[in-house]
Amino acid sequence: MEATSTLLLALSDGFGIRLMLGDPRIDLPAAQAAIWRAVAGTLGVPDAFPEI
């Protein structure tokens, strides 16, 4: 589980910086979906980010 939490932190930091800097190639829904897909299998949840 430590590897998963490290991955989540790295992905969140990386996408967060891009979002804060206004990178036009990424938006919040795309970042959420990419992060979710990266860990969904490990967590045993569906690959699609849930609608909130």
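Trainee: Let's start with threonine 4: which helix is it found in?
Mentor: Happy to begin there, and keep in mind that this is a predicted model. The helix in question covers residues 2–20, and threonine 4 is found in it. Its name is H1.

Trainee: Is threonine 4 buried or exposed?
Mentor: The relative accessibility of threonine 4 is 12%. Buried means under 20% relative accessible area. Threonine 4 therefore counts as buried.

Trainee: Which residues is threonine 4 in contact with, leaving aside its neighbours within four places in sequence?
Mentor: Here we set aside the neighbours within four places in sequence. What remains for threonine 4 is Val39, Thr42 and Leu43.

Trainee: How many helices and strands are there in the chain?
Mentor: Threonine 4 has already brought us to H1, residues 2–20. Helix H2 covers residues 28–43. The chain has 0 strands, and its helices number 2.

Trainee: How are H1 and H2 oriented to each other?
Mentor: Good one to work through from the axes. They come within 10 Å and cross at roughly 170°. Angles over 145 degrees count as roughly antiparallel. H1 and H2 are therefore roughly antiparallel.

Trainee: Which residues of H1 and H2 make that contact?
Mentor: From H1 come Thr4, Leu7, Leu8, Leu11, Ser12, Phe15 and Leu19. From H2 come Leu28, Ala31, Ala34, Ile35, Ala38, Val39, Thr42 and Leu43.

Trainee: Which residues form the largest nonpolar core?
Mentor: The largest nonpolar core has 5 residues. H1 and H2 each supply at least two residues of this core. Its members are Leu11, Phe15, Ile26, Ala31 and Ile35.

Trainee: What does alanine 31 touch, not counting residues up to four places away in sequence?
Mentor: Alanine 31 is one of the residues of the largest nonpolar core. Once residues up to four places away in sequence are not counted, alanine 31 touches Phe15, Leu19 and Ile26.

Trainee: What separates the C-alpha atoms of glycine 14 and alanine 31?
Mentor: Glycine 14 lies in helix H1, and it is partly exposed with a relative accessible area of 34%. Along the chain, glycine 14 and alanine 31 are 17 residues apart. Their C-alpha atoms are separated by 9.5 Å.

Trainee: Is alanine 38 buried, partly exposed or exposed?
Mentor: Alanine 38 has its place in helix H2. Its contacts, leaving aside neighbours within four places in sequence, are Leu7 and Leu11. The relative accessible area of alanine 38 is 37%, and the residue is partly exposed.

Trainee: How far apart are the C-alpha atoms of alanine 38 and threonine 4?
Mentor: The two residues are 34 residues apart along the chain.

Trainee: What kind of aromatic pair do tryptophan 36 and phenylalanine 49 form?
Mentor: The structure holds 1 aromatic pair. In the pair of tryptophan 36 and phenylalanine 49, the distance is 5.3 Å centre to centre and the planes are at 90°. Planes over 60 degrees apart count as edge-to-face. So the pair of tryptophan 36 and phenylalanine 49 is edge-to-face.

Trainee: Where do tryptophan 36 and phenylalanine 49 sit, and how many residues apart are they?
Mentor: This pair links distant parts of the chain. Tryptophan 36 is in helix H2, while phenylalanine 49 is in the segment after H2.

Trainee: Which residues does aspartate 47 touch, not counting residues up to four places away in sequence?
Mentor: Aspartate 47 is found in the segment after H2, and at 52% relative accessibility it counts as exposed. With residues up to four places away in sequence not counted, aspartate 47 touches Trp36, Arg37 and Ala40.

Trainee: To finish, what percentage of the residues in the chain is buried?
Mentor: Along its principal axes, the C-alpha trace spans about 30 × 25 × 15 Å. The chain exposes about 3900 Å², and carbon and sulfur atoms supply 65% of that area. Of the 52 residues in the chain, the buried ones make up 17%.

Key:
Residues numbered from 1 in each chain as written. Predicted model: local features only at pLDDT ≥ 70, side-chain atom pairs only at ≥ 80, totals over all residues. Heavy atoms only, no water. Helix = DSSP H or I, 4+ residues; strand = E, 2+ residues; numbered from the N terminus. Buried < 20%, exposed > 50% of the residue type's maximum accessible area, 1.4 Å probe, protein only. Contact = heavy atoms within 4.5 Å. Phe/Tyr/Trp six-rings, centres within 6.5 Å; stacked < 30°, edge-to-face > 60°. Core = buried A, V, L, I, M, F, W, Y, C linked by side-chain atoms within 4.5 Å. Areas by Shrake-Rupley, 256 points an atom, 1.4 Å probe, with all protein chains shown as cover. Axes fitted to C-alpha atoms, helices over the stretch in contact; angles between N-to-C directions. Parallel < 35°, antiparallel > 145°, perpendicular 65-115°, else oblique.
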